[in-house]
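Here is a friendly walk through a protein and the DNA beside it. Have a look at the model first, then read on with the picture at hand.

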Protein chains: 2
Amino acid sequence: MRIGEVARKTGVKAETIRFYEREGILTAPPRTRSNYRDYGPDEAATLTFIRRARDLGFSMPDVRELLELSNEDDRSCAEVDSLARAHLDQVERKIAALQVMRDELSRMIASCEQYTISDCRIIDNLAASHGP
Amino acid sequence: MRIGEVARKTGVKAETIRFYEREGILTAPPRTRSNYRDYGPDEAATLTFIRRARDLGFSMPDVRELLELSNEDDRSCAEVDSLARAHLDQVERKIAALQVMRDELSRMIASCEQYTISDCRIIDNLAASHGP
DNA sequence: ATGCACCTTGTAGCCACTACAAGGTCAAGC
DNA sequence: GCTTGACCTTGTAGTGGCTACAAGGTGCAT
């Protein structure tokens with residue numbers, strides 16, 4: 001399978017696949033006579049794994065770790081669990097931070113009555129801090 | 001006021017202030033005899049403005065726009081409003097995306113019973129797609 | 001033979017900083 | 001007067017995770 005096909009099947013762009021190879025995340029596949037990368041189903045599965053982990057927001061270092069762990073069948077999955085929990089924690093923190101932003105933005109926008117800049121509550125809010 | 005003091009007062013690090021100057025976001029202040037940057041209260045106010053906008057998640061291009069608009073007192077603040085609304089929209093999208101991640105991560109973590117990798121529901125989930 | 005989609009390599013760019021190196025300046029303390 | 005240490009200067013390179021582009025080679029249908 002050439003890179004374009006595996007890209008379509010896994011949802012990982014060809015450029016990104018080459019990037020993963022350069023970075024050592026994906027092992028280099030064999031080449032055809034004309035020097036094209038020739039992928040098998042295993043590589044496609046790995047790429048799907050990577051893409052799902054990335055979609056869930058795992059960092060590339062985390063993905064590397066998950067990939068390594070996924071090959072050690074006999075090992076306890078406690079590490080996987082703890083990695084996932086740590087990541088969930090980060091995601092929750094990020095949500096909380098964004099909710100603070102959202103609430104403040106909403107408040108600012110609601111307070112603006114759309115006259116001139118000199119009356120603009122949004123600009124006011126940005127210019128001054130809240131406390132004394 | 002030297003860069004360190006204005007950094008403390010505005011919460012923008014000295015390195016970042018120099019970076020903003022290089023990028024043309026902040027105009028270069030006069031220098032002392034010993035070539036140190038010498039800031040006045042206006043620059044501090046601008047930096048506070050930038051920091052608050054950044055804390056609210058506005059991009060640097062947005063911040064530039066907001067800074068320019070904030071100097072045009074007579075203009076309608078409709079543009080400010082629309083910029084803020086567009087950004088709020090982005091923030092809400094980001095929250096929604098992260099909530100999807102969070103829910104899926106929670107589900108995965110809850111389904112794992114912490115035996116070996118070969119039984120691990122988390123690894124399973126990453127390896128296979130959901131649909132048939 | 002021609003066109004077009006696909007592939008190859010390498011390099012540079014994105015965002016918003018952040019880190020570091022190598023050196024200059026200034027006030028306080030001895 | 002000399003040292004110490006905090007502060008400042010410039011410039012360059014690194015972060016993450018790709019993405020875009022240039023310049024050229026390959027494969028297949030018409």
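## Chain A at a glance

From the N terminus on, chain A runs α-α-α-α-α-α. That comes to six helices and zero strands, where helices (H or I, at least four residues) and strands (E, at least two) are DSSP runs numbered from the N terminus. The C-alpha atoms of chain A fill a box of roughly 70 × 40 × 20 Å along the principal axes. Chain A has a radius of gyration of 23 Å, whereas a compact globule of 132 residues would be near 14 Å. This radius is taken over C-alpha atoms, and the globule rule is 2.2 Å times the number of residues to the power 0.38.

Some notes on reading the model: it is predicted, so to speak of local features pLDDT of at least 70 is needed, side-chain atom pairs count only at pLDDT 80 or more, and totals for chains, interfaces and linings use all residues. Residues are numbered from 1 along each chain as its sequence is written, chains are lettered from A and ligands numbered from 1 in the order in which they are written, and side-chain values use heavy atoms, with hydrogens and water left out.

## Around DNA strand D

| Protein residue and part | DNA strand | Distance to a phosphate oxygen |
|---|---|---|
| Ser34(A), side chain | D | 2.6 Å |
| Arg18(B), side chain | D | 2.7 Å |
| Arg37(B), backbone | D | 2.7 Å |
| Arg18(A), side chain | C | 2.6 Å |
| Arg31(A), side chain | C | 3.0 Å |
| Met60(B), backbone | C | 3.3 Å |

On the surface near DNA strand D, α2(A) gives the most, with four residues. By class, this surface has seven nonpolar, five polar and seven charged residues. Here Ala, Val, Leu, Ile, Met, Phe, Trp, Tyr, Cys and Pro count as nonpolar, Asp, Glu, Lys and Arg as charged, and the others, Gly among them, as polar.

## Around DNA strand C

DNA strand C has 17 residues around it, and Gly4(A), Arg18(A), Arg37(A), Ser34(B) and Tyr36(B) come nearest. The largest share of the surface near DNA strand C comes from α2(B), with three residues. This surface divides into seven nonpolar, five polar and five charged residues.

## Two loop residues

Most residues other than glycine have a negative phi. Asn35(A), though not a glycine, has a positive phi of about 70°, and it is found in the loop between α2 and α3 (41-55) of chain A. In chain B, phi of Asn35(B) is also positive, near 70°, and Asn35(B) lies in the loop between α2 and α3 of that chain.

## Two pockets

A pocket is found on a 1 Å grid over the protein atoms alone: it is an open set of points where a 1.4 Å probe fits, with protein on both sides within 12 Å along at least five of seven lines, and lining residues have an atom within 4 Å of a point. A volume is the space filled by probe spheres set on the points, which are joined across faces, edges and corners.

The largest pocket has a volume of about 220 Å³. Its lining includes Ala127(A), Ile25(B), Phe49(B) and Arg64(B), and α4(B) gives the most to it, with four residues.

The second largest pocket holds about 170 Å³ of space. Among the residues that line it are Leu98(A), Met101(A), Gly57(B) and His87(B), and α5(B) gives the most, with six residues. Where does the second largest pocket lie? Domain 1 (1-75) and domain 2 (78-132) of chain B both give residues to its lining, so this pocket lies between them; the domain bounds come from an automatic or database domain assignment.

Definitions and conventions
A polar contact is a pair of N or O atoms within 3.5 Å; within protein, one must be able to donate a hydrogen and the other to accept it, and residues adjacent in sequence count only if both atoms are side-chain atoms. A residue is near a molecule or strand if one of its heavy atoms lies within 4 Å of it.
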